[in-house]
Amino acid sequence: MNAARLRLRELGADTVVQMTRATRENAEWVRAIADDGAGGDAARRDLREVLVAGLMRVLTARGADGDLCQDFAQEALLRVRERLYGFRGESRFTTWALSIAMRIAFDELRHKRFRDVSFDAMLDGARSPLAFEPRVEATQERSAMRERVLRALADVIDGKLTEKQRAVLVAELEGMPHVVIAERLGMKQNALSKLSHDARKRVKVHLEALGICEADVLWVFE
Amino acid sequence: MRLRDAQVRSLLDASRETRDVEIDCDDFLSLMAEYAEVRAEGRAVPEGLEKACAHERLCASCREELAALVEIVSGARR
């Protein structure tokens with residue numbers, strides 16, 4: 001392990017405290033990060049330390065080691081530079097840079113977590129008719145309401161969603177993140193968001209049309 | 001396809017939270033830093049961030065990233 005990495009390993013949460021209270025104002029950060037000279041190098045080094053310390057603080061418990069956090073920070077630094085002039089100054093610069101690092105790191109960890117999960121098996125499941133786990137309710141009234149809600153869900157999911165909407169809905173319910181679903185379906189994430197929104201909207205409209213209200217749902221399922 | 005009760009609840013929650021106009025995960029990212037600071041400081045969510053708040057309720061991935069960022073920012077403020 002080189003000296004820089006050893007030092008970063010020794011840095012704890014306190015580093016985040018110190019760095020996010022760094023003396024640079026937002027405008028100064030933007031200027032310095034854009035600077036290709038020595039001043040820019042120092043700012044990029046400082047920002048990198050902020051990113052690594054922040055990543056280590058939240059990712060160590062999720063199984064990411066120092067080297068991986070270094071890699072995430074490096075990628076985030078590149079993306080920060082690419083998006084530098086999109087920074088609107090509505091937060092501290094370091095918080096903004098950390099938000100970009102969070103997205104990069106968590107997306108990568110999501111891809112790893114679902115690497116061995118078969119999407120095809122999930123799609124096969126999505127093609128079969130909807131069923132629900134049996135449950136005995138305390139009263140007949142409650143049981144009837146449960147039946148009514150579940151039948152409504154089966155009707156809309158089996159009958160009113162497209163095959164792709166069903167697939168997305170099922171993958172979401174199985175806990176698969178959008179970044180992974182989009183990759184498996186070969187779609188852009190914003191197109192996937194639209195697909196998911198349209199599916200949820202159809203479910204909502206169908207339940208409302210049948211007069212199934214929030215109170216009914218809460219009564220049976222909360 | 002057999003849905004467990006927890007999945008049914010999750011679907012019903014998502015349906016209830018669905019709005020005609022929603023932001024997506026990229027839009028959320030552009031608001032996340034500001035929203036994380038608001039949350040870390042315990043301030044009321046301003047009008048401009050309500051859409052981020054709505055997206056947070058719907059999207060587990062963005063919720064996870066936001067929680068991590070709030071943890072870092074809160075740590076930095078102590």
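Me: Which residue of chain A stands opposite B:Arg2 in strand 1 of chain B?
Reply: In this predicted model, strand 1 of chain A, residues 131-132, is joined to strand 1 of chain B by two bridges. The two strands run parallel. The residue that stands opposite B:Arg2 is A:Ala131.

Me: How many residues of chain A are in contact with chain B?
Reply: Contact here means C-beta atoms, placed from the backbone, within 7 Å. On the side of chain B, 35 residues take part. On the side of chain A, the number is 45.

Me: Which elements of chain B give two or more residues to the side that touches chain A?
Reply: From the N terminus on, the elements of chain B run β-α-α-α-α, a total of four helices and one strand. The elements that give two or more residues to this side are strand 1 (2-3), helix 1 (5-17), helix 2 (25-40) and helix 4 (60-77).

Me: How many charged residues are on the side of chain B that touches chain A?
Reply: Sorted by class, that side has 16 nonpolar residues and six polar ones. The charged residues there number 13.

Me: What share of the residues of chain B count as buried?
Reply: The C-alpha trace of chain B spans about 45 × 25 × 20 Å along its principal axes. Among contacts in chain B with a separation of 6 or more, 71% are between residues 24 or more positions apart. Of the 78 residues of chain B, the share that count as buried is 45%.

Me: Which residues of chain B are in contact with A:Met102, leaving aside its neighbours within four places in sequence?
Reply: A:Met102 is found in helix 6 of chain A, residues 93-113. The C-alpha atom of A:Met102 is separated by 9.4 Å from that of A:Ala73, 29 residues apart along the chain. With neighbours within four places in sequence left aside, A:Met102 is in contact with B:Glu65, B:Ala68 and B:Leu69.

Me: Is A:Met102 buried or exposed?
Reply: A residue is buried if 20 or more other C-beta atoms lie within 10 Å of its own. A:Met102 has 29 other C-beta atoms within 10 Å, so A:Met102 is buried.

Me: Is A:Glu49 buried or exposed?
Reply: A:Glu49 is found in helix 4 of chain A, residues 38-59. The cut-off for burial is 20 or more other C-beta atoms within 10 Å. Because A:Glu49 has 20 of them, A:Glu49 is buried.

Me: What distance separates the centres of domain 1 and domain 2 of chain A?
Reply: Chain A is divided into domain 1, residues 3-113, and domain 2, residues 119-221. Their centres are taken over C-alpha atoms. The distance that separates these centres is 38 Å.

Me: How far apart in space are A:Asp124 and A:Met102, C-alpha to C-alpha?
Reply: A:Asp124 has its place in helix 7 of chain A, whereas A:Met102 is found in helix 6 of chain A. In sequence the two are 22 residues apart. In space, C-alpha to C-alpha, they are 33 Å apart.

Me: Does A:Asp120 count as buried or exposed?
Reply: A:Asp120 has its place in helix 7 of chain A, residues 119-127. A:Asp120 and A:Ala167 are 47 residues apart in sequence and 9.9 Å apart in space, C-alpha to C-alpha. Because A:Asp120 has 8 C-beta neighbours inside 10 Å, A:Asp120 counts as exposed.

Me: At what angle do helix 7 and helix 9 of chain A pack?
Reply: Helix 9 of chain A covers residues 163-173, and its axis is 9 Å from that of helix 7 of chain A. The crossing of the two helices is right-handed. They pack at an angle of about 115°.

Me: Which residues of helix 9 of chain A does helix 7 of chain A meet?
Reply: By class, this contact has six nonpolar, one polar and one charged residues. Helix 7 of chain A takes part with A:Met122, A:Leu123, A:Gly125 and A:Ala126. In helix 9 of chain A these meet A:Arg166, A:Ala167, A:Val170 and A:Ala171.

Note on methods. Residues are numbered from 1 along each chain as its sequence is written. Chains are lettered from A and ligands numbered from 1 in the order in which they are written. This is a predicted model: local features need pLDDT of at least 70, side-chain atom pairs count only at pLDDT 80 or more; totals for chains, interfaces and linings use all residues. Two residues are in contact if their C-beta atoms, placed from the backbone, lie within 7 Å. Ala, Val, Leu, Ile, Met, Phe, Trp, Tyr, Cys and Pro count as nonpolar, Asp, Glu, Lys and Arg as charged, and the others, Gly among them, as polar. Two strands pair if DSSP finds at least two bridges between them. Domain bounds come from an automatic or database domain assignment. A residue is buried if 20 or more other C-beta atoms lie within 10 Å of its own, exposed if 12 or fewer, and partly exposed in between; C-beta atoms are placed from the backbone. Axes are lines fitted to C-alpha atoms, for helices over the stretch in contact, and angles run from 0 to 180 degrees between N-to-C directions. A crossing is left-handed if the near helix is turned anticlockwise from the far one by less than a right angle, and right-handed if clockwise.
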